[in-house]
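Please open the model in a viewer and keep the selection panel at hand. The tour goes from the whole chain to individual residues.

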Amino acid sequence: RNLTGFEVYPEGQEPLQAILYNNPGDGYHVHCDGICSKQPYVTGDRVATSILFCKTALEGGSTVFTKDAIKIVPEPGDL
């Protein structure tokens with residue numbers, strides 16, 4: 001509950017989401033998870049996002065955090 005440094009309560013948790021990419025070009029486009037402005041945290045808002053890679057893509061498949069200039073290229077089983 002306190003892994004992120006935030007107190008996370010049930011009303012701040014979202015349902016599990018599963019996404020299957022089957023075709024070349026499938027994927028998310030640039031978007032923001034959680035609070036996207038400099039507003040203070042409000043109980044119930046998202047505090048973290050986790051991604052589990054069950055199988056990696058033959059090409060592409062990376063996750064880019066544009067504001068932090070971080071690119072993650074997954075390995076099978078990465079979380």
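**From the chain to single residues**

Begin with the whole chain in this predicted model: of the contacts in the protein chain between residues at least 6 apart in sequence, 38% join residues at least 24 apart. Next, colour by secondary structure, which for the protein chain comes to zero helices and two strands.

Now select Ile19, Tyr21 and Tyr28. These residues form a nonpolar patch on the surface, and together they have about 340 Å² of accessible area. Is Tyr21 buried, partly exposed or exposed? Tyr21 is partly exposed because its relative accessible area is 43%, a value between the 20% and 50% cut-offs.

Move on to the two strands, β1 (63-65) and β2 (70-72), and select Ala69 in the loop between them. Inspect the backbone here: Ala69 is not a glycine, yet its phi is positive, at about 55°. Finally, show the surface around this residue. Why does Ala69 count as exposed? Its relative accessibility is 71%, and exposed means over 50% relative accessible area. The loop residue Ala69 therefore counts as exposed, whereas Tyr21 in the surface patch is partly exposed.

Notes:
Residues are numbered from 1 along each chain as its sequence is written. This is a predicted model: local features need pLDDT of at least 70, side-chain atom pairs count only at pLDDT 80 or more; totals for chains, interfaces and linings use all residues. Side-chain values use heavy atoms; hydrogens and water are left out. Helices (H or I, at least four residues) and strands (E, at least two) are DSSP runs, numbered from the N terminus. Buried means under 20% relative accessible area, exposed over 50%, partly exposed in between (1.4 Å probe, protein chains only). Patches are made of residues with over 30% relative accessible area and no salt bridge: like charges are joined within 9 Å, nonpolar side chains (Val, Leu, Ile, Met, Phe, Trp, Tyr) within 5 Å. Accessible areas come from the Shrake-Rupley method with a 1.4 Å probe; for residues, only the protein chains shown count as cover. A salt bridge is a side-chain nitrogen of Lys or Arg within 4 Å of a carboxyl oxygen of Asp or Glu. Contact means heavy atoms within 4.5 Å.
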